[in-house]
Amino acid sequence: MLTALVCGTLLLGFLTFALPKTADVTAKWYGVIVAGAGFVLVMFINPWNPPPQESTHWLSYPFSANYHLGVNGISYALVQLLTLCAVCALLGTKVPRQRNFVGLMLLLEGSMLGLFLARDLLLFALFWDAMLIPVFLLMIAWSVHPATAWRFLIYNVTGGLLLLLATAAYGWLYGTTDVIDTGVLPPLSDNWAPWIFIAFAIAFLVKTPVWPFHTWMPDTYAELPAPVAAVVGAVQSKAGLYGFITIGLPLFGPQMVRFAPWLITLGFIGLFYGAFIALTENDARKVVAYSSLSHLGLILAAIAVSNEYAVRGAVLYIVAHGYFTAAMFLIIGYVESREETRSLSRIGGLARGNPILAGAMGIAALAMLGLPGLAGFTGELFILVGIYQAGYVWLAGAALIAVILASAYMLRVYQGFMHGPEKPDLPQRPDLAPIEVFALVPLFAALVILGVYPITANYPDQAYSLVANNASMLENK
Amino acid sequence: MPHLLVPPFGNFDYNALFPLGIVAVTPLLVLLADLIMPSGEPRRGIAVGISVAGLLAAAYVLVEQYLSHQFGPAFGFGFVLGGFSIAFSLIIITAAIFSIMMVPTERDDEKEGPVCALMLWSTAGAMLMAGAADLMTIFLGLEILSLALYCLCGMIKGASEIRKREAREAALKYLILSSMATGFMLYGMALLFGTSGSVNLAALQAVPASNPLFTMGCGLFMIGVAFKIGLVPFHVWMPDVFEGAPIPATAYMSVVTKAAMLAVFARFLYSVLTPAGHEALIWPIWATAGLSMVVGNLAALSQIDMKRLLAYSGIAQLGYIMAAMAGTSTLGMRYALFYLGAYLFMNLGAFSVVALVSRDSEEDGHLSAFSGLGTRHPVLAAAMSFFLLSLAGLPPTAGFIGKILILASTVAAGYVWLAGLLILGTAISIYVYVKIIRIMYVHVDLAHIREIRPLSRAPWIGVWACAIATFVFGFYPVALHDVLPRIR
């Protein structure tokens, strides 16, 4: 079933190119149906007792590697997020050369599904590199400034190569790379483990991204077509954090503890740096990009703290962040398609003519600033409690300030776009079409459901037991 | 398992050289056919057909030899038949087949026969090098290989005067520089002979490393090797020659010369230096390999000619292959072989596409010839993208698996800095290769768009075969992996 999900999406993605070139509408609905079928399939997967596993022998030299797909709570949450975001993004798609666009989107979804379901480090590295190619092509063919695509590619491929190097070294030392989700493993020798961990960590930090590896991100998120930005900003940016949780914590427990202060520092620098730039940025997409830097920094710090509340909160917030970022990018995309700009200084008073658009943006902004009842709040609460419990009282207090800053910059975007004086030079365009609303509804539903009933917090049980084991192992030492 | 082929001769020496003999005699048939067939249309394709048949027969005999384990030294340790020589010979033969497929794309079929014949003789020399176990055989193989290549580089009929001059320039450049490198190598061989009193490689094991003549001989020998493989800083001739020579010759040189020299290097490394514990003597060669990865890719960045670009990319790729052997472990040898096989397919696949795209005798390899290929010829463009992604080491291709094997082997050998340089070089190379993909799909230069006028469909065989091989070894490397450990 997992293989059907991953390979099916990839195969059907390639098949898109068999459609006639001009079949824009057909291609779009084809994409929606494929992605929707993927989502339905995901909902039918039962990731608990026993979690589905599919494994075939792949490589024997220089280390054993398997084609091994599996699911645990965290990857299940992310796969849900991914498939739902893909459906919504494709629903809201309206671009030239739509057939190629949809095909690449499906390839992107397929490779990311593979990444989150891979249970073998080599397979993980393979999908990690593979998912860069569709994004690059989407950016270079559909964005205004294709040069940004190169920066994205060079940064991320360098990260991917470090991941590859680390995987090769790990496989050589350990004999096998089929190690994700296999329980606690005997730690590697102290000579090698820190270096391998650093290589993994840099790859993850670049992908997330975390300050100071973030310079590719704001431009990339600003340049990508809105549906792609929704998928990349919401889901692909989680690949790094996912890596820290499923590879960092279980396989490199002692190193995670040893480097925790560094990771927490980087996370908090990003938290404030992102928040302050988001406060002054004029480009709405870049505001969201920098807010992402800020939020993901907080999540990284939570993972580095690695106590029960923090890790559960991190997973919860990862998912919540995915949903509201996707919604926000789609909404900004709608604004852009209407007003042909997204700069805060040029847009104002849209709420009068476009009340539905304003309402949608309001919900997304509120979720983003962590209003209780929406998904962002529970995640932040868990994380703050976790950081507080770990004894970092001051950090928890500082994080609270950043949360307040989030309200400031999100309300600034909302207010600037929707309220205030109307700009006379802006074209009057119709409000959201039903299909555009329909693309947002599932995301909002998810935000409300997770806000009221944060079931995702229960997902990381397996991972958490690993964290606990690591902690006890360290104490025994 | 019954074998169809009984060893044809009573004498093992001749049996060992049998595949090489096939390759060396086939050109005579080619030239004979060229002589008796009436010129023009009926003669087309005959030379290529006979050559490929001869190479396939030789490959068949090699596989039979491998399966029936007819291994051993021949001609008093002058030539050693074993898994090692058979693997390299098969790689060389496959490369020769794909290169010969490109020959008929040339406008003038008058010279199909001579070109095929020279290429086959050159292949025979390369196969001799693959099995050579003494200095004389190495030199003999090298000369057979090179002499035919000097002619091949300059053989371009039916082209414009400018193009002809370029080809002649390439041939002359190759002749002069290559002879100089051969001179270095020969001097090194003479010194090595002086230390051990024997041309046999095995005899060199007994020479102490403290012997200054031995050190000097090793150094000179390695310079020759580095020149032929094209490692930085001995690489300067390569882009010029590749650019000037006709496409089949370029494609041929980009794999066969390098593979043959790699075989010699590996043999020297594994049967002389490693057993005697002298690996430290050739540390500079690892430095040149590391330098090649970075400089090769950096130089490829700014190239606007496809053949030059592939020349620089080949310099870097060979750096990767050398890095696999840095640990001088048997595993490293296998990974080098695996990557060489992957390189063979992705590189010759790319060359086949170049041969199809730059059809006319001008052989315009300018990058703009690829502009808009994605709309003009989607299959060709998709295949080219696939080969380029493989050269860049992105999944799911043979290049990806090959690279991770090399990384594992260099890290295991303790050459972490080499692995770091590999990562750096690869990161640069992404830009090089993806740039071409962008030109094919996105950056459409309308002024340069030309129709593809197929003169022959033969290179398509190369394109498809290489694409399938690159894909299979990338997705299911076990296919090659289960064979590799048995080699040596």
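Student: In this predicted model, which residues have the most contacts inside the largest nonpolar core, and how many residues does that core have?

Tutor: As a general idea, nonpolar side chains in soluble globular proteins tend to be buried together. Here the largest nonpolar core has 402 residues, and those with the most contacts inside it are A:C85, A:L330, B:I92, B:A259 and B:Y339. Helix α14 of chain A, residues 308-339, gives the most to this core, with 21 residues.

Student: Which residues does B:I92 touch, leaving aside those up to four places away in sequence?

Tutor: With those set aside, B:I92 touches B:T123, B:A126, B:M127 and B:A130, and also B:V256, B:A259 and B:A260.

Student: How many residues does each chain give to the contact between chain A and chain B?

Tutor: Chain B gives 25 residues and chain A gives 26 residues. On the side of chain B that touches chain A, the elements giving two or more residues are α16 (398-412), α17 and α19 (478-481) of chain B. By class, that side of chain B has 21 nonpolar, three polar and one charged residues.

Student: Is B:S390 buried or exposed?

Tutor: B:S390, which is found in helix α15 of chain B (residues 378-392), counts as buried because 32 other C-beta atoms lie within 10 Å, where 20 or more are needed. Not counting residues up to four places away in sequence, B:S390 touches B:M346, B:T397, B:A398, B:G399, B:T470 and B:G474. B:S390 and B:G474 are 84 residues apart in sequence, yet their C-alpha atoms are 8.7 Å apart in space.

Student: How do strands β1 and β2 of chain A run, and how many bridges join them?

Tutor: In a regular strand the side chains alternate between the two faces of the sheet. In this case β1(A), residues 53-59, and β2(A), residues 65-70, run antiparallel and are joined by six bridges. A:E54 stands opposite A:L69 in β2(A), and a hairpin joins β1(A) to β2(A) through five residues.

Terms used
Residues are numbered from 1 along each chain as its sequence is written. Chains are lettered from A and ligands numbered from 1 in the order in which they are written. This is a predicted model: local features need pLDDT of at least 70, side-chain atom pairs count only at pLDDT 80 or more; totals for chains, interfaces and linings use all residues. Two strands pair if DSSP finds at least two bridges between them. Helices (H or I, at least four residues) and strands (E, at least two) are DSSP runs, numbered from the N terminus. A nonpolar core is a set of buried Ala, Val, Leu, Ile, Met, Phe, Trp, Tyr and Cys residues joined through C-beta atoms within 7 Å. A residue is buried if 20 or more other C-beta atoms lie within 10 Å of its own, exposed if 12 or fewer, and partly exposed in between; C-beta atoms are placed from the backbone. Two residues are in contact if their C-beta atoms, placed from the backbone, lie within 7 Å. Ala, Val, Leu, Ile, Met, Phe, Trp, Tyr, Cys and Pro count as nonpolar, Asp, Glu, Lys and Arg as charged, and the others, Gly among them, as polar.
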